[in-house]
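Take your time at each stop before moving on.

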Amino acid sequence: MGRLTFESFEGGERLVVDFLDGETVLEVAQENNINMEGTCGGSMACSTCHVILKPEDMHRFPSPSEEEAEMLELALGVSVTSRLGCQLVLGDNAEGLVLRLPAETRSMME
Ligand code: FES
């Protein structure tokens, strides 16, 4: 169990939430009514779970798989520290993490 922070792209809004070990960023976002669509339910087919890590937090998670990197290329507002929230598994690695939400997302359902 731990605690992390979601912040708006501009940084003006912040929400501190609890997570359980083994949950993904997508699951925690949805449990807390964060605007993260997660259209494909974590099967790396949408990129609507895009989140942006701080550069200093990149080492907390394993590098993205080739599939994740390819899907991120389709995300709007992608940056070098972007990840798919459904692929980020939380545990001791994520205590105190701050995640920025992208300015906009692209829904594959539209
Ligand atoms: S929920 Fe679709 S790629 Fe993460």
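The tour goes from the whole chain to its sheet, then to its core, and ends at single residues.

**The whole chain**

Begin with everything shown as a cartoon, and keep in mind that what you are looking at is a predicted model. The chain holds 2 helices and 5 strands, and if you follow the cartoon from the N terminus, the elements come in the order β-β-α-β-α-β-β. The radius of gyration is 12 Å, close to the 13 Å that the globule rule gives for 110 residues, so the chain is as compact as a globular protein of that length. If you turn the model along its principal axes, the C-alpha atoms fill a box of roughly 35 × 30 × 25 Å.

Next, select the strands. In which order do the 5 strands lie in the sheet? They form an open sheet in the order β2-β1-β5-β3-β4, with mixed pairing. At the edges you find β2 (14-19) and β4, each of which pairs on one side only, and from one strand to the next the twist averages 35°. Strands of a sheet pair through backbone hydrogen bonds, either parallel or antiparallel.

Now select β1 (residues 2-7) together with β5 (residues 98-100): these two run parallel and are joined by 3 bridges, and F6 has L99 as its bridge partner in β5.

Between β3 and β4 the strands run antiparallel, with 3 bridges, and H50 stands opposite L84 in β4.

**The nonpolar core**

For the next stop, select L4, F6, V25, M36, L90, L97 and L99, which touch the most other members among the 24 residues of the largest nonpolar core. This core takes at least two residues from each of β1, β2, α1, β3 and α2 (66-72), and α1 gives the most, with 4 residues. Centre the view on L97: leaving aside neighbours within four places in sequence, L97 is in contact with R3, L4, T5, L53, D57, R60, F61 and L90.

**Two single residues**

Select R83, which is found in strand β4 (residues 82-84). Is R83 buried or exposed? With a relative accessible area of 3%, R83 is buried. Show the side chain of E68 as well, and you can find a polar contact of 2.8 Å between the side chains of R83 and E68. Beyond neighbours within four places in sequence, the contacts of R83 include C49, H50, V51, F61, L72 and L88.

Finally, move to N35, in the loop between α1 (25-31) and β3 (50-53). N35 is exposed, with a relative accessible area of 71%. If you also select Q87, you will find that N35 and Q87 lie 52 residues apart in sequence and 17 Å apart in space, taken from C-alpha to C-alpha.

Note on methods. Residues are numbered from 1 along each chain as its sequence is written. This is a predicted model: local features need pLDDT of at least 70, side-chain atom pairs count only at pLDDT 80 or more; totals for chains, interfaces and linings use all residues. Side-chain values use heavy atoms; hydrogens and water are left out. Buried means under 20% relative accessible area, exposed over 50%, partly exposed in between (1.4 Å probe, protein chains only). A polar contact is a pair of N or O atoms within 3.5 Å; within protein, one must be able to donate a hydrogen and the other to accept it, and residues adjacent in sequence count only if both atoms are side-chain atoms. Contact means heavy atoms within 4.5 Å. Two strands pair if DSSP finds at least two bridges between them. Axes are lines fitted to C-alpha atoms, for helices over the stretch in contact, and angles run from 0 to 180 degrees between N-to-C directions. A nonpolar core is a set of buried Ala, Val, Leu, Ile, Met, Phe, Trp, Tyr and Cys residues joined through side-chain atoms within 4.5 Å. The radius of gyration is taken over C-alpha atoms; the globule rule is 2.2 Å times the number of residues to the power 0.38.
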